[in-house]
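Biologist: I've got some time to go through this one with you. Shall we take it as questions and answers?

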Amino acid sequence: MTRIFVTEAVMLAIYGQLLVPPKPVEYIIPYTTILELYELRTTEEHLMNSSADDQHVKIKIGELISYFEEPLNKKKIERALQVPWSKSPTIPVSETTRVSVMNTMDTAPYGESFDPIETELLLASQKAEAPILTDQYELIQRIVESALPVQVYDIDDFDFALEVPLSGQP
């Protein structure tokens with residue numbers, strides 16, 4: 001059975017292990033996080049601690065952008081952009097990994113506690129009934145403190161998240 005997670009597009013570029021999981025996985029990615037890739041690719045700010053790692057991640061971001069811009073993938077994404085909260089048909093990334101793009105919209109239900117991208121992750125998670133996968137400890141902490149009705153996993157716990165039984169499963 002395929003596990004579904006909501007995450008940001010950049011997480012797939014930074015954490016390559018997410019693209020080769022031991023079990024089938026589908027990542028639901030808010031469309032705005034794909035747009036964010038274009039900014040991250042050209043920013044002078046370091047995304048990683050070492051220059052070599054930063055350069056590597058920016059190359060991976062460029063590869064991910066190129067993949068999403070391939071005609072068939074672009075067409076799937078554009079189809080999702082027709083209707084708010086619709087999800088694109090799945091885009092295969094590897095034998096065990098699929099990506100769907102969701103046309104999320106920040107409707108600001110969480111006030112000043114969460115930025116627009118975080119709000120879209122939260123709403124996508126609720127809509128898809130799928131846990132959030134992130135490396136942002138502060139986000140995880142705010143979700144827990146706010147007692148929001150979503151599951152969230154740290155990327156370091158990805159293997160554990162794959163083993164957690166799906167709701168309704170033994």
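**Helices, rings and loops**

Modeller: In helix 4 (residues 71–80), Asn-73, Lys-76, Ile-77 and Ala-80 are buried, where buried means under 20% relative accessible area, exposed over 50% and partly exposed in between (1.4 Å probe, protein chains only). Helices (H or I, at least four residues) and strands (E, at least two) are DSSP runs, numbered from the N terminus. Bear in mind that this is a predicted model, where local features need pLDDT of at least 70, side-chain atom pairs count only at pLDDT 80 or more, and totals for chains, interfaces and linings use all residues. Residues are numbered from 1 along each chain as its sequence is written, and side-chain values use heavy atoms, with hydrogens and water left out.

Biologist: Within what arc do the buried residues of helix 4 fall, seen down its axis?

Modeller: The arc is taken from the directions from the helix axis to the C-beta atoms. The buried residues of helix 4 line one face of the helix, because they fall within an arc of 95°.

Biologist: And which residues are exposed on the other side of helix 4?

Modeller: The buried residues of helix 4 pack against helix 2 (31–42), helix 3 (51–69), strand 3 (91–92) and strand 4 (97–102), with contact meaning heavy atoms within 4.5 Å. On the other side of helix 4, the exposed residues are Pro-71 and Lys-75.

Biologist: At what angle do helix 3 and helix 4 pack?

Modeller: Axes here are lines fitted to C-alpha atoms, for helices over the stretch in contact, and angles run from 0 to 180 degrees between N-to-C directions. The axes of helix 3 and helix 4 are 5 Å apart, and the packing angle is about 75°. That makes helix 3 roughly perpendicular to helix 4; the cut-offs are under 35 degrees for roughly parallel, over 145 for roughly antiparallel, 65 to 115 for roughly perpendicular, and oblique for the rest. So the answer is about 75°.

Biologist: How do the residues of that contact of helix 3 with helix 4 divide into nonpolar, polar and charged?

Modeller: Helix 3 brings Tyr-67, Phe-68 and Glu-69, and helix 4 brings Pro-71, Asn-73, Lys-74 and Ile-77. Ala, Val, Leu, Ile, Met, Phe, Trp, Tyr, Cys and Pro count as nonpolar, Asp, Glu, Lys and Arg as charged, and the others, Gly among them, as polar. The contact divides into four nonpolar, one polar and two charged.

Biologist: On to helix 2: which of its exposed residues sit on the face turned away from its buried side?

Modeller: Thr-33, Ile-34, Leu-37 and Leu-40 are buried in helix 2. Seen down the axis of helix 2, these buried residues fall within an arc of 105°, so they line one face. They pack against helix 1 (9–14), strand 2 (25–30), helix 3, helix 4, strand 4 and helix 5. The face turned away carries Glu-39 and Thr-42.

Biologist: How many aromatic pairs does a search of the whole structure find?

Modeller: Rings of Phe, Tyr and Trp (its six-membered ring) pair if their centres lie within 6.5 Å; planes under 30 degrees apart count as stacked, over 60 as edge-to-face and the rest as tilted. Searching the whole structure on that basis, the number of aromatic pairs is four.

Biologist: How is the pair of Phe-5 and Phe-158 classed?

Modeller: Phe-5 is in strand 1 (residues 3–6) and Phe-158 in helix 7 (residues 158–163), 153 residues apart, so the pair links distant parts of the chain. Both Phe-5 and Phe-158 are buried, and together with Tyr-27, Tyr-153 and Phe-160 they form one aromatic cluster. With 5.8 Å centre to centre and 55° between the planes, the pair is tilted.

Biologist: Is Ser-125 buried or exposed?

Modeller: Ser-125 lies in helix 5 (residues 116–128). Leaving aside neighbours within four places in sequence, Ser-125 is in contact with Val-6, Ala-130, Pro-131, Ile-132, Val-150 and Gln-151. Its relative accessible area is 3%, so Ser-125 is buried.

Biologist: What is the phi of Glu-129?

Modeller: Glu-129 is found in the loop between helix 5 and strand 5 (132–134). At 75% relative accessibility, Glu-129 counts as exposed. Although Glu-129 is not a glycine, its phi is positive, at about 55°.
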